[in-house]
Amino acid sequence: MRSYRTLFRTPEYTPFLLSFAAFAAAQTIGGLALGTLVLRATGSPFLSAVSMFGPQLAQLAGATFLLSGADRLPPRGILSGIALAFAAGTTVLALPGLPVRAVFAVLLLQGLVASLGGGVRGGLLNEILTKDGYVLGRSVYNMLWGLTQTAGFATGGTLLALLSPRTCLLLAAGLYLLAALVTRLGLTARPPRSAGRPSVSATWRTNALLWSSRPRRLTYLGLWVPNGLVVGSDSLYVAYAPGAAGTLYACGALGMFVGDMAVGRLVPPSVRRRIATPLRLLLAVPYLFFVLRPGVALSAVAVTVASVGFAASLVLQERLMSLTPDDLAGQALGLHATGMAAFQGVGATLAGTLAQLTSPATAVTLMAAGSVITTLTLAVLGRCGKRRSAAPGPHPGALPEPAATD
């Protein structure tokens with residue numbers, strides 16, 4: 001296991017992180033501001049939740065049509081372009097009097113653009129770091145996301161108490177511009193990882209190849225569904241505690257940071273392979289206590305503890321990379337990122353609908369229960385697959401492949 005000192009001596013790793021931090025800060029501050037703006041304008045928990053997380057549904061369309069570009073386009077140019085597109089879109093969202101329909105149209109376009117971001121960043125990180133440094137490097141990346149969310153939501157909550165949501169959106173647009181600048185100046189111009197033009201047919205072929213492996217399918221579902229359902233619970237913080245939503249988001253980001261630091265730096269590989277299911281259960285179980293409608297202090301404790309479970313993604317990403325050829329790493333990680341974003345959008349939409357029909361506390365509890373059931377089901381399917389692959393004799397029509405483990 002490599003040290004943090006060695007990791008940060010790796011060329012390009014630091015500017016890569018800094019550009020991501022600026023982009024993530026813009027997302028957190030801008031998302032909280034937009035959710036607040038929509039709630040004040042409409043009074044609807046459903047529209048507020050969907051405005052913050054629903055645009056991620058658009059990334060599913062991007063994964064269907066655009067994702068081959070993650071390996072077939074130069075990464076620096078793509079990341080700079082995505083940041084500039086978000087800066088322009090966020091500036092439009094800050095315009096006074098913008099209709100709600102126009103707000104969601106802009107968010108739809110941003111979601112399509114963002115569909116390339118996860119794959120490009122993941123593939124680039126895979127190039128910057130050597131194999132033995134990937135898990136530690138990815139854990140630092142995830143920890144930075146947690147820290148940035150903690151600072152971003154805490155800062156966003158403070159800014160919203162002092163400034164208007166539209167002013168906060170303009171600050172977010174400035175951070176997107178900073179991300180584009182750091183990407184352009186701090187990263188090397190690298191060629192695409194794969195030859196050929198990005199196309200819809202190439203995207204479909206590679207996605208079909210990635211999905212054809214049962215262990216990869218179970219890994220993808222483990223990355224997407226439990227996480228998406230819990231993020232649906234997260235999307236209701238503004239409706240559940242309007243005056244303390246920033247605090248709850250910051251506590252969640254803090255728990256995520258602690259989990260990624262512990263799993264990435266302290267847990268040995270032999271143990272990491274066995275803790276995906278316990279971490280996914282930890283991610284959801286504390287939210288079941290929201291059925292009791294706890295106050296802000298107890299809610300913050302539950303959110304912090306639960307968010308340690310987001311480290312399951314680190315374990316499952318390592319598994320995904322072990323099951324995927326290097327020349328498909330960008331699209332494999334892009335499919336993970338866009339699928340996860342899409343399921344988070346589905347989770348936010350479902351949670352917002354449940355909150356509209358019942359209450360935010362009830363909706364949080366139901367989403368958590370769904371996450372627990374999904375995790376247990378995937379664990380059973382994984383063990384069945386392991387026993388099947390270990391059974392003697394040939395398996396007609398199937399090539400041997402490694403089994404998923406939890």
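Q: What makes two residues a salt bridge?
A: A side-chain nitrogen of Lys or Arg must lie within 4 Å of a carboxyl oxygen of Asp or Glu. Side chains of opposite charge can pair when their charged atoms come close.

Q: How many salt bridges does a search of the whole structure find?
A: The search finds 3 salt bridges. This is a predicted model, where local features need pLDDT of at least 70, side-chain atom pairs count only at pLDDT 80 or more, and totals for chains, interfaces and linings use all residues. Residues are numbered from 1 along each chain as its sequence is written, and side-chain values use heavy atoms, with hydrogens and water left out.

Q: Why is the pair R190 and E12 called a salt bridge?
A: Their closest N and O atoms are 2.5 Å apart. The limit is 4 Å, so the pair qualifies. R190 lies in the loop between α10 (165–186) and α11 (200–211), and E12 in the loop between α1 (4–8) and α2 (13–42). The pair therefore ties together parts that are 178 residues apart in sequence.

Q: How do you know that E127 and R190 also form a salt bridge?
A: Their closest N and O atoms are 3.7 Å apart. That is within 4 Å, so this pair counts too. E127 sits in helix α8 (residues 117–128), while R190 sits in the loop between α10 and α11. They are 63 residues apart, and the pair links distant parts of the chain.

Q: Which residues are linked in a network of salt bridges?
A: E12, E127 and R190 are linked in one. R190 pairs with E12, and R190 also pairs with E127.

Q: Why is R272 called buried but E318 partly exposed?
A: Buried means under 20% relative accessible area, exposed means over 50%, and partly exposed is in between (1.4 Å probe, protein chains only). R272 has 4%, so R272 is buried. E318 has 25%, so E318 is partly exposed.

Q: Why is R293 called exposed?
A: Its relative accessible area is 52%, which means R293 is exposed. R293 lies in the loop between α16 and α17. R293 also has a positive phi, about 55°, although it is not a glycine.

Q: What makes residues 100–114 count as helix α7, and how do you know that the span fits?
A: Helices are DSSP runs (H or I, at least four residues), and strands are E runs of at least two, numbered from the N terminus. Helix α7 has 15 residues. The expected span is 1.5 Å times one less than the number of residues. That gives 21 Å, and the end C-alpha atoms are 21 Å apart, so the two agree.

Q: Why is S371 called buried, and which residues does S371 touch?
A: S371 has 0% relative accessibility, so S371 counts as buried. S371 lies in helix α20 (residues 360–390). Leaving out residues up to four places away in sequence, S371 touches P226, L229, V230 and A284. Contact means heavy atoms within 4.5 Å.

Q: How many helices and strands are there, and what share of the residues is buried?
A: The protein has 20 helices and 0 strands. Buried residues make up 57% of its 406 residues.
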